[in-house]
Amino acid sequence: MDNEAPRTPIITLTTDFGTTDPYVGIMKGVILGIAPDARIVDLNHGIAAGDIGAAAFSLFRSTPYFPEGTIHVVVVDPGVGSSRRSLAVELDRCVLVAPDNGVVTMAMKHGPVRRIVSLEDRAYWLDAVSRTFHGRDVFAPVAAHLCRGVEIGRLGPEIDDPVAWEISEPQRVEADEWAARVIYVDRFGNCITDISEAMVSGASRVQLLVGGTWVQALSESYAAVPDGSVLALVGSSGFVEISVRNGSAADAMALGVGAPVTCRLSPRNGQPCS
Amino acid sequence: MDNEAPRTPIITLTTDFGTTDPYVGIMKGVILGIAPDARIVDLNHGIAAGDIGAAAFSLFRSTPYFPEGTIHVVVVDPGVGSSRRSLAVELDRCVLVAPDNGVVTMAMKHGPVRRIVSLEDRAYWLDAVSRTFHGRDVFAPVAAHLCRGVEIGRLGPEIDDPVAWEISEPQRVEADEWAARVIYVDRFGNCITDISEAMVSGASRVQLLVGGTWVQALSESYAAVPDGSVLALVGSSGFVEISVRNGSAADAMALGVGAPVTCRLSPRNGQPCS
Amino acid sequence: MDNEAPRTPIITLTTDFGTTDPYVGIMKGVILGIAPDARIVDLNHGIAAGDIGAAAFSLFRSTPYFPEGTIHVVVVDPGVGSSRRSLAVELDRCVLVAPDNGVVTMAMKHGPVRRIVSLEDRAYWLDAVSRTFHGRDVFAPVAAHLCRGVEIGRLGPEIDDPVAWEISEPQRVEADEWAARVIYVDRFGNCITDISEAMVSGASRVQLLVGGTWVQALSESYAAVPDGSVLALVGSSGFVEISVRNGSAADAMALGVGAPVTCRLSPRNGQPCS
């Protein structure tokens, strides 16, 4: 890829707009009107209405898989039309464009963060701005201008106090026991917990109590247990997931976001897990 | 953008095909086989089966946001296989390709309409035409040929009597009172009425009776009322919408398309509203 | 199209990932990181979780409509993480990339099959391969490398024993009667049977018994019967479909995949149907 001309950045879209209205398509029309060469990728439009946590996690696990320079737009925006700010966040490898409601807090962990600006220069918005659809009127045109090479600093003043989303982390309750929880449930009913791969990788044994069921070890794959059995494994997100082979853990154990998971870690070589 | 080569037009797709079958993808395969550079945008595939009114409104509010030259294909086609005609409608800024069932009537209001042709020259269709999937066999190839620069007049003879969809408009029932109705319900449960921004902009006060509830004024944004409260505002579509903040107006008041809305307008400076 | 430079192939995606998680978008990020010019088409992400038969049929009816050289990726993969192989199948007009679970058996019928390789060279995968998301870690990067021109033979050793999916075919139970079944139900509730156009084209009369109802002939189009009536016709898939005009045959007669359909064929000119 050396010696090639710089490529037009990719713009990804994450919204709670669903796919039964023209809202996402209209955003694409606006983008292509400003940046005709933009390559637009739908990242996730199935976020539940206003679910900032799900959008934050969906974005967090996605950005590392996109090429350098990608512009990620998130429109999950229950405060649209209020005085909430809008942001562009420049990281080393990408730019995040979103309302200032914490939806990018997790993705910013991939850092380092170079700059955060408050979107205020209306020259980069549509001429008419509605009270309810800033995805169309603000975020899409801003992303398109970034895609065409507009310097992020021109979009508005720098800020250093973005709204932070409290990121879920397991809490230690005993020497070897943590109170964890489910942070995301996917289409298959896999329940992703806030227990990271790093946390369990140092343990000789991992036991989980979830929905009244003890899972006695992490599995290597879904296929390691019989059909319909509960298992836990380090999922593709880098977090421990609770699953049912060829079934839905969420349905089988009535789990949802926030469901408690007790995690017991046995130390390796007598070393405490930390 | 001056002095650049003309760009390949965008093709947008609006259908009632949903996203759980390969029908939309197959249309894209056909388009790319004929016009490999086409940029295809999904506008809305979540139209309820055969719901011409919803498709008409979805298209109407979308076309103004696409660049000049865009080709909009609509396949909501309960009469497929019958003797209904198929159309290409050339407007100043775009071309509409659809069955002749009124689904483009509203979008034609953005006019001016230059030409309407009946799609009859089979040279621009697939060789084999099925009885049930003209999206694949007629509309996709026609759009692709237009995208490659085929003159619209070559697709078939001009006509001047397209099927018209009756566009909903509030009816005056008293000097200051109109009988309006809900014309579209979106994913969030926002109920879009046929009361236009122009109609309410001249009034000093707007009161709405919907689902047994009086809304005493238009709000500036969702955030202007407490969570769970009913409000009305001029939405991003340019029409008055009934909403519930962080909730669904459709669910809360059991509203659907066609639900009646009484609209009372108080004149400004003693001038009647018209 | 003569004398033009060879085009970047299209990559299509068929999965059971749905559209409410970022999984499909992440695959696109991986593809575009390796093959920035790839044109990616979503073929079908609404396959029911693990439904190999539906995915196989969806792919089978789609591949003929894509340009030569298209790469079709299918990730319906209940055995992910087990010892099941992964395949790339080179046909005359396209390449299929999928787990070795029979999901490409039907599409291979479009043949001829030139070569089947087992994906084993990790140089064409992501560096880290998870236990649960080979769409991201194996299939997306392999497709992207093929798109950039990597020779299929470099992906792994040739094999000749892919897992076969048993393809449904009507069974003769009397001289003029076949036991057929529903093989796919689409969004509209159309029930596609395994009765091919070729099978009925030689008959002077076709009668079908389905859900307790006799359909006495094939119709030419949906519009040939009154609203709400059951009909059968040769659908756009090339198979006989059971439909209800402006309704859902699946709902009206409680039909699903596997539902039995009795097919009685009357010979033409006294010749038996075969």
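**Where the chains meet**

Guide: Chain A and chain C share 14 residue pairs in polar contact, both residues at pLDDT 80 or more. That's from a predicted model, where local features need pLDDT of at least 70, side-chain atom pairs count only at pLDDT 80 or more, and totals for chains, interfaces and linings use all residues. Residues are numbered from 1 along each chain as its sequence is written, chains are lettered from A and ligands numbered from 1 in the order written, and side-chain values use heavy atoms, leaving out hydrogens and water.

Visitor: What makes a pair a polar contact?

Guide: Two N or O atoms within 3.5 Å; within protein, one must be able to donate a hydrogen and the other to accept it, and residues adjacent in sequence count only if both atoms are side-chain atoms.

Visitor: Why is the pairing of A:Glu220 with C:Arg131 called a salt bridge?

Guide: The term needs a side-chain nitrogen of Lys or Arg within 4 Å of a carboxyl oxygen of Asp or Glu. Here the closest N and O atoms are 3.1 Å apart, so the pair qualifies. The count between chain A and chain C is 1 salt bridge.

Visitor: And what about C:Glu220?

Guide: C:Glu220 forms a salt bridge with B:Arg131, with the closest N and O atoms 3.0 Å apart.

Visitor: How do you know how much area chain A and chain C bury?

Guide: Buried area is the accessible area (1.4 Å probe) that two parts lose on being put together, summed over both. For chain A and chain C that comes to about 2,600 Å², 55% of it on carbon and sulfur atoms. A:Tyr65, A:Arg187 and A:Phe188 supply 25% of chain A's part, more than any other three residues.
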